[in-house]
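I opened the model and kept notes as I went. The entries below follow the order of my look-ups.

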Amino acid sequence: MQMDSAPGSTPDFTYDQLPGRVVFGPGKLDQLEAEVARLGASRALVLCTPEQTAQAEAAAARLGARCAGLFAGAVMHVPIEVARAARAEAQRLGADCAVAIGGGSTIGLGKAIALESALPIIAVPTTYAGSEMTPIYGLTEAGVKKTGRDARVLPRVVIYDPLLTLGLPARIGGPSGINAIAHCVEALYAQDANPIISMLAEEGIRALAGSLPQVMRAPDDVAARSRALYGAWLAGAALGAVGMALHHKLCHTLGGSFNLPHAETHTIVLPHAVAYNSAAAPAAMARVAQALGAADAAQGLYDLAASLGAPLALKDIGMPEAGIARAADLAVQNPYYNPCPVTRDGILALLDNAYHGRRPNK
Ligand code: NAD
């Protein structure tokens with residue numbers, strides 16, 4: 001049963017708390033070698049995307065003799081071929097831990113290695129996606145992305161260093177921040193919501209919504225970057241702890257079916273998914289609105305995305321109009337928990353609004 005997330009309601013829940021160590025603060029990457037040593041490891045394999053090679057090399061340099069090698073082949077959605085290559089490299093080098101420095105794609109590659117070998121992961125996130133706090137992995141084989149949960153893939157240590165996000169361009173940072181807010185929003189109306197995670201989620205929205213506009217205005221503002229990353233940590237913790245609903249399922253379907261970019265898809269769909277669920281989860285929506293400083297959750301999210309200059313329409317990120325009906329069919333195929341019943345007509349209207357970038361329904 002969904003827990004009413006209204007403050008003051010009678011708590012009634014089951015909560016499995018996840019383990020993990022978090023090191024947070026500007027300059028904390030300097031602790032990387034000490035964290036590897038703390039795990040009892042001496043041969044770290046550093047992972048990154050090709051675009052972040054320089055950042056990963058700087059991290060590898062901090063490891064000195066504890067760096068066994070660098071694998072700069074991480075790509076979006078963790079194709080199985082890339083996972084196999086990284087696993088083989090870890091084995092060849094005799095790696096005893098993986099250091100994943102980057103966004104969800106790179107951390108996802110670390111998880112793919114850990115899934116088979118139980119290699120401990122030190123995650124150094126440089127976006128706001130939140131994968132570093134979750135035991136959720138994703139692997140893409142023959143064009144189909146499969147996700148699962150496994151305790152082995154949960155990073156043992158997460159180093160959040162806001163200085164590493166200073167170079168995160170606005171076009172990635174804005175949508176990535178809204179992706180994090182989406183975790184918080186769905187955590188507040190999750191079937192297995194609990195009071196601790198709801199507090200984290202509400203604070204996560206407040207921290208992200210309060211800092212992202214300043215991050216866009218002044219990319220070098222370390223205080224704003226720190227607050228955004230703090231919000232992303234809370235969002236990741238919420239994503240790892242409770243189940244997600246309509247919004248995440250829809251984004252997964254859209255991303256997988258039409259190869260749409262992950263964070264942008266979340267950014268566009270979120271206000272519409274929230275409008276869809278609004279009447280069925282009023283206590284959660286009141287908390288979202290309050291954290292945003294808006295009168296209405298869906299309108300506030302739409303306005304925030306617009307103020308960040310993020311894309312607002314699926315048609316602008318590569319979605320074909322003919323795909324709306326197909327996505328609606330897929331969305332109603334497998335039943336899952338959602339506060340408001342998921343109907344094909346309802347999803348068609350939601351996707352049509354998101355496709356055109358209209359303001360969400362009131
Ligand atoms: P990403 O990891 O694909 O990164 C996007 C681009 O930004 C990459 O080119 C990357 O190198 C670059 N980048 C990242 N940080 C940068 C920085 N500080 N400066 C400059 N460039 C930087 O994007 P993402 O949104 O972080 O992750 C998306 C992926 O993560 C998706 O595949 C999604 O499914 C997955 N994900 C998984 C979970 C989970 O719990 N398993 C959670 C969230 C996201």
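Leaving aside neighbours within four places in sequence, which residues is Phe258 in contact with? I list Met319, Pro320, Gly323, Arg326 and Ala327, where contact means heavy atoms within 4.5 Å.

**Ground rules.** I am working on a predicted model, where local features need pLDDT of at least 70, side-chain atom pairs count only at pLDDT 80 or more, and totals for chains, interfaces and linings use all residues. Residues are numbered from 1 along each chain as its sequence is written, and side-chain values use heavy atoms, with hydrogens and water left out.

I placed Phe258 in helix α8. Helices here are DSSP runs of H or I with at least four residues, strands are runs of E with at least two, and both are numbered from the N terminus. Phe258 counts as buried because its relative accessibility is 12%. My cut-offs are under 20% relative accessible area for buried, over 50% for exposed, and partly exposed in between, with a 1.4 Å probe and protein chains only. I also checked Phe258 against Lys111: they are 147 residues apart along the chain, and their C-alpha atoms are separated by 24 Å.

I then turned to Pro320, in the loop between α11 and α12. Its relative accessibility is 37%, so Pro320 counts as partly exposed. Not counting residues up to four places away in sequence, Pro320 touches Phe258 and Tyr355. Pro320 and Tyr355 are 35 residues apart in sequence, and 8.8 Å separates their C-alpha atoms.

**Pro311.** I found Pro311 in the loop between α11 (297-307) and α12 (323-331). It is partly exposed because its relative accessible area is 24%. Pro311 touches Pro175, Glu264, Thr267, Ile268 and Ile317, not counting residues up to four places away in sequence. I also looked up Gly174: it is 137 residues from Pro311 in sequence, and the C-alpha to C-alpha distance is 9.5 Å.

**His183.** Next I went to helix α5 (residues 170-188), which holds His183. Is His183 buried or exposed? It is buried, because its relative accessibility is 3%. Its side chain makes a polar contact with the side chain of His248, at 2.9 Å. A polar contact is a pair of N or O atoms within 3.5 Å; within protein, one must be able to donate a hydrogen and the other to accept it, and residues adjacent in sequence count only if both atoms are side-chain atoms. Not counting residues up to four places away in sequence, I see His183 touching Ala129, Ala235, Ala238, Leu239, Met244 and His248.

**α5 against α8.** I looked up how these two helices pack. The axes of α5 and α8 (residues 246-258) come within 9 Å and cross at roughly 135°. Axes are lines fitted to C-alpha atoms, for helices over the stretch in contact, and angles run from 0 to 180 degrees between N-to-C directions. Ala182, His183 and Glu186 of α5 meet Leu246, His247 and His248 of α8.

**Thr127.** I located Thr127 in the loop between β5 and β6. Thr127 counts as buried because its relative accessibility is 15%. A polar atom of its side chain lies 3.3 Å from the backbone nitrogen of Ala129. Leaving aside neighbours within four places in sequence, Thr127 is in contact with Gly102, Gly103, Gly104, Leu168, Ser176 and Leu229.

**Positive phi.** Most residues other than glycine have a negative phi. I noted Ala118, with phi near 60°, in the loop between α4 (104-117) and β5 (121-125). Its relative accessibility is 40%, so Ala118 is partly exposed. I also noted Ala142, with a positive phi of about 50°, in the loop between β6 (136-141) and β7 (144-149). Ala142 is exposed because its relative accessible area is 76%.
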